[in-house]
Amino acid sequence: MLFRVLGSLQVESDAGVVVLGGARSRALLTALLLDPGAVVALDRLAEAVWPGEPPADVGNGVHTTVSRLRRALGPAGALVRTRPPGYLLDVGRDAVDAELFEAATREATARLAADPAGAALALEEALALWRGPAYGEFADGFARGAATRLDALRTAARETRADALLQAGDPATAAALAADLSAAHPLRERPVEIAMRALAALGRTPDALEAFRRHRSLVGEELGLDPSPRLRELETRLLRADVAPPRAAPAPRRGTRLPTRPSPLVGRADELHDLTGALASRRLVTLVGPGGVGKTRTVLELAHRMASAGRAVWWVDLVPLEPQRLAEAVATALRIEIGAGTDLVEDLCLAVADTRGTLVLDNAEHVVDAVAHLVERLLDAAPELRVLVTSRERLALDGEAVKALSPLPLPTGPDRDNPAVRLFVERAPGLEPATLGDADLALVVRACRRLDGLPLAIELGAARAAALGLPALLERLDGRLDMLAGGRRTADRRHRTLRAVVEWSHDLLTEPEAHLYARLSVFPAGFSLDQVESVCADGLLPATGIADLLARLVEQSLVQRAGTRFVLLDVLRTHAAERLEAAGEAGELRRRHAADTAARLTRHSALLWTRDEPRAVAALNDLVADLHTAFRTALGEDRHLALRLAGDVHDYAYFRQRLDLLRWGTEVLDDAGADPERGPEVLTTAAAAEWSVGRLDAAGALAERGVVLAGGPDEPAALAPLKVRADLELFRGETDHAVRTYRLLAARWRAAGVPALGVLYESSVLQTLVMGGRTAEAAREVDALLAEAETVSNPTATAWAWCVTGLAVAAIDHARALRHFRTAAVHGEGVDSRLFVAIARTSEALTAGVDDPAAGLRMFPDVLEQWALLGNEMVQWWALGNLVVLLARAGADQEAAVLAGAVIAAQDSHPRFVIEGLRIGKALAAIQVRRGEQATQADLAAGAALGFAGAVAHARRALARPA
């Protein structure tokens, strides 16, 4: 159990992340975490939960909140104990990330002088615990003191890490980190000193002196002081010549979150240095080598180092991707939108033109031709983009720098510091470096040599060493290394070398273990034990024995455990798949997997409108790779199953805005018309995909086909396509029609025993009234809707209710509306309801901008990024329309008018809400008064020619300009 407060509050258990939906529960837990293991008095807890407004009965109020917190925490709720005069959280300090950070920082600082490289690594790992401001939403409230102290400690740790890197011989990274620190804390002296020393070490003494001059000027202007004698003395030592100040580089675009490093990297310092140099001089670098040699881990380490130095890095794991999904995956990683045209690569190239940073494409071997095509076009389109690829073969492109990753260097004697030996000892259960005797060390050295320094082979051998013992392990290796001798030659030979290692590991399995190992290859990504029991069990492998067999595979490092799920490494999956094909079971296992995945989708989808929605969404999130694989299997072998998948996926995909899943509906349209049972749902899925990219007429035609296929609007099967009809009526501004259809849907779902959908569609009634300009009518229904939403305990329905009631009260009570929008986002984020979260955040920015346009504009870059991630072009037009109003309120008249021209020109592809039209019209009227009719009309005409991608780019430029 880990409680995380270095960012938004998060609780991680063995079963996964615990979702705490209530603000009071989060406040109470945070108050307990300020002093874990200590009693916190009732009055302090009450002040945290109800700041300034404690209930009349404090004891009862706190007790009720504690009860809710315990329920939310599940089994961990027992850790919240009653201890007069209050409560305590009965955990050690090692269960709180803030405490772990402080301890790690103290230890790293203490070892700085003796081991700067180790101190730097320890500080990097400690700083990786941070995910945002300490204590998140409570940092400006009752947790302010602790948050301020931790933030100061974080800054000091970052400074110490930069100093450690400089002492360890990495002045380039130290200089970059120090520059970032100086920018964030311009009056602090230590980053300036580190930067000066690092720049001088790099031979950039003029830049070092310029850094001193900037600091001297700043502290003089701000504080009326001179730099310290220590810093002035350093300037004196460096002073050689007067040079022009260095030219500032443009700020890099923010990268994506990188995968976690599973363990310290062993023995790749030279390779990291070579890769860094190659990336400095070449725009395309490919790291080649056999599977299992450590390509991914080496590049991941480099990516983390670049990100820590403030450089933008984007990571794309190509393992689960098919060639046709490459452009979409890269766009998602880069956080940019691509159009809905047929040439996604062309759209991506247009959008990526100004991108600066490094794109990492990991595991390209299975899609190498498609990757080569995409990379060539990206590099041509984006002059400031660099690409780093890992693959078992090069891309064969002009200008490509190819680096081969060789096995670890072999030990020549009893060398405890040899990287292969260190890796073996670290991965072998029961072996400890401090107690490893000379005899065992000699055996480890022999094993590493027999395994030819291949990291995967070493890890497999180390895992077996605990069970067999080192002497027996070496005996087993005899006669099985003929192919390993070729590990230092060509790529093909290295590939066969790895195959020999995997075959050796496979030979150690019992027959049932080998059967299960082969069958696990049917899963395209991570999998759960119950999936394995359902798909892989039969008369040959009874379900009752699957758990033990899987545990044995984990123990032998053939399967990795990640929390409650399991992963088969890619190279092992490839080998296992070959075994499955050879056994003649591949087709049957694919069919079983598809059927099982479809059953899971059906089962979890049925829970989406209950209080169990968080559990259902988490399960479906884990199944996304399985869903794609199952659908492809069904398309080729079982079209009825494909229809079932395309129909059942709608509610999960729509509210999570997974357009890749919604597009399934368009792939089986020919079959949908002949299936009255599944067809209406499939047509609904296809319609949602169509209107998401602005094809409203096509969506409407599909919805009407669905109603007809269901047997008419009164049939139960017509409810799904009727929902699309209502949405389109709303988008077209047909307020009365949309209200009637939504009320019909709400009533019929209530009658069907699904009250959450009743709340959802009743909320859409209020949205329709607001967007139709009938805000007063909607405001009268706010309290009743929220009361009903409270009874259903469904996060998505509740999120939508809070969002639309915020819209309803925004005109009369801005502060209340903002609270509603924020509450909506909290409920929606807990279940990944990205559509409603994005709408709530957009509405929050617009409402905040009524009283303070600059505040609304500061929020809007994040809003645009959220919409870009979703890829829903139609609703993004609505967001851009809101931005027109904000820009006009802020006086950015030309930017607003140009964007308005784009929005108006695309009116057939986005919602035609009455209230939005009035707002944009009012904004344009004010702009015309200020700028004149001729200038305004010219701006509108310029905007009309932009198109969607151009409008988004214009919006980003407008938001990037100083107020």
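This is a predicted model: local features need pLDDT of at least 70, side-chain atom pairs count only at pLDDT 80 or more; totals for chains, interfaces and linings use all residues.
Because arginine 565 lies in strand 14 and aspartate 622 in helix 26 (residues 613–622), the pair ties together parts that are 57 residues apart in sequence. Arginine 565, for its part, is buried, its relative accessible area being 15%, and this value falls below the 20% under which a residue is called buried.

The antiparallel pairing of strand 12 with strand 14 (residues 565–567) runs over two bridges. Within this pairing, phenylalanine 527 has phenylalanine 566 of strand 14 as its bridge partner.

## Other salt bridges

The count of salt bridges comes to 65. One of them joins arginine 26 to glutamate 137, with the closest N and O atoms 2.7 Å apart. This pair links distant parts of the chain, since arginine 26 is in helix 1 (residues 23–33) and glutamate 137 is in the loop between helix 5 (116–127) and helix 6, 111 residues apart. Arginine 26 is buried at a relative accessible area of 8%, whereas glutamate 137 counts as partly exposed at 48% relative accessibility.

A further salt bridge is formed by the side chains of arginine 519 and glutamate 585, at 2.9 Å from N to O. Here too distant parts of the chain are linked, with arginine 519 in helix 21 (residues 511–519) and glutamate 585 in the loop between helix 24 (570–582) and helix 25, 66 residues apart. Arginine 519 counts as buried at 1% relative accessibility, and glutamate 585 counts as buried at 18%. Both residues take part in a network of salt bridges that links Arg519, Asp538, Glu585, Glu588, Arg591, Arg592 and Glu637.

## Nonpolar cores

The largest nonpolar core has 134 residues, of which Leu645, Trp691, Trp867, Leu880 and Leu883 touch the most other members. Helix 44 (residues 873–889) supplies the largest share of this core, namely 12 residues. Apart from this core lies another, of 48 residues, which includes Ala31, Leu45, Val91 and Val96.

When residues up to four places away in sequence are not counted, tryptophan 867 touches Leu835, Ala838, Ile839, Thr842, Asn872, Val875, Gln876, Trp878 and Ala879. Threonine 842, one of these contacts, is found in helix 42 (residues 834–851) and is buried, with a relative accessible area of 0%. Leaving aside neighbours within four places in sequence, threonine 842 is itself in contact with Phe860, Val863, Trp867, Trp878, Ala879 and Asn882.

## Helix 28

Helix 28 (residues 639–648) is largely enclosed by the rest of the structure, because seven of its 10 residues are buried. These buried residues are Leu641, Ala642, Leu643, Leu645, Ala646, Gly647 and Asp648, and among them Leu645 is one of the residues that touch the most other members of the largest nonpolar core.

The buried residues of helix 28 pack against several other helices, which are helix 25 (586–605), helix 27 (624–637), helix 29 (650–656), helix 31 (664–667), helix 32 (669–672) and helix 33 (679–692).

Threonine 155 lies in helix 6 (residues 144–167) and is buried, with a relative accessible area of 5%. Apart from residues up to four places away in sequence, threonine 155 touches Leu181, His185 and Arg188.

On the surface, Leu187, Leu223 and Leu225 form a nonpolar patch whose accessible area is about 270 Å² together. Leucine 223 has its place in helix 9 (residues 205–223) and counts as partly exposed, at 47% relative accessibility.

Terms used:
Residues are numbered from 1 along each chain as its sequence is written. Side-chain values use heavy atoms; hydrogens and water are left out. Two strands pair if DSSP finds at least two bridges between them. Helices (H or I, at least four residues) and strands (E, at least two) are DSSP runs, numbered from the N terminus. Patches are made of residues with over 30% relative accessible area and no salt bridge: like charges are joined within 9 Å, nonpolar side chains (Val, Leu, Ile, Met, Phe, Trp, Tyr) within 5 Å. Accessible areas come from the Shrake-Rupley method with a 1.4 Å probe; for residues, only the protein chains shown count as cover. A salt bridge is a side-chain nitrogen of Lys or Arg within 4 Å of a carboxyl oxygen of Asp or Glu. Buried means under 20% relative accessible area, exposed over 50%, partly exposed in between (1.4 Å probe, protein chains only). A nonpolar core is a set of buried Ala, Val, Leu, Ile, Met, Phe, Trp, Tyr and Cys residues joined through side-chain atoms within 4.5 Å. Contact means heavy atoms within 4.5 Å.
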